[in-house]
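Take a look at the chain below.

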Amino acid sequence: MSPTKSLLVKATRVKPRILPGYEERVVTKVGKGFTVKVQYLGAPEPTDKWTIKDKPLINGQDDITIETALVPEDLKITDENIDATCEQNTSTLTMRNCKRKDTNMYTLTVSNEFGKDSCVIEIVVMGPPCRPGAPLEVSDVKANSAKLSWKAPDDDGGKGITGYAVEVKDPKTG
């Protein structure tokens with residue numbers, strides 16, 4: 001008895017599934033960029049959609065927004081500081097010239113007629129903190145000391161503030 005020829009069996013009805021191995025947290029600096037690649041599978045070919053707080057990323061909106069869909073051929077959308085490309089079973093989000101406001105939870109959802117799957121990627125853009133909040137309050141004034149207090153800054157630069165440098169001006173020497 002002779003062996004039969006090999007057959008390739010391919011599933012035609014597969015709920016989309018995001019594969020492990022993508023970066024769950026990306027840290028970058030103001031003015032720099034990042035790239036995130038996420039691989040997934042499903043049949044028929046799933047579509048992909050990037051969102052922030054359930055709002056679709058649309059190309060050209062606020063410099064950080066874009067929506068991409070998987071097509072049989074590679075798809076590439078380029079904006080001033082964002083690229084989103086889709087290769088078969090991979091979605092790539094690239095952002096250049098990041099701002100502090102780009103810090104957020106980015107969600108990728110892949111879907112087809114048999115279901116959907118999603119993953120959340122935390123993007124942290126670090127930069128210098130804002131000035132302390134007003135008003136500056138001075139109390140308990142003594143000959144060699146005073147108590148100062150103020151509100152925390154609106155933006156800590158992406159990393160908790162651990163202290164402040166306070167300079168004292170000598171009234172006699174300036």
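Both Lys142 and Asp140 are exposed, where exposed means over 50% relative accessible area, buried means under 20%, and partly exposed lies in between (1.4 Å probe, protein chains only). The two residues form a salt bridge, that is, a side-chain nitrogen of Lys or Arg within 4 Å of a carboxyl oxygen of Asp or Glu.

This is a predicted model, in which local features need pLDDT of at least 70, side-chain atom pairs count only at pLDDT 80 or more, and totals for chains, interfaces and linings use all residues. Residues are numbered from 1 along each chain as its sequence is written, and side-chain values use heavy atoms, with hydrogens and water left out.

By the salt-bridge rule, the count comes to 2. Here they are.

| Salt bridge | N to O distance |
|---|---|
| Glu122 and Arg25 | 3.0 Å |
| Lys142 and Asp140 | 4.0 Å |

The Glu122 and Arg25 pair links distant parts of the chain. Glu122 sits in strand β10 and Arg25 in strand β2 (residues 25-29), 97 residues apart. Glu122 counts as partly exposed, because its relative accessibility is 27%.

What about the fold? The chain has 12 strands and 0 helices. Both are DSSP runs, numbered from the N terminus: helices are H or I with at least four residues, strands are E with at least two. Of the 174 residues, 30% count as buried.

Now go inside. The largest nonpolar core has 19 residues. Such a core is a set of buried Ala, Val, Leu, Ile, Met, Phe, Trp, Tyr and Cys residues joined through side-chain atoms within 4.5 Å. Among those with the most contacts inside it are Phe34, Trp50 and Ile121. Strands β3 (34-43), β4 (47-52), β8 (90-95), β9 (104-112) and β10 (115-126) each give two or more residues to this core. Leaving aside neighbours within four places in sequence, Ile121 is in contact (heavy atoms within 4.5 Å) with residues including Tyr22, Val36, Trp50 and Tyr106.

How far can the model be trusted? The predictor's confidence in each residue is its pLDDT, from 0 to 100. The mean pLDDT of the chain is 80, and 78% of its residues reach 70 or more. Over residues 64-75, pLDDT stays under 50. Where pLDDT is low, the predicted coordinates should not be read in detail.
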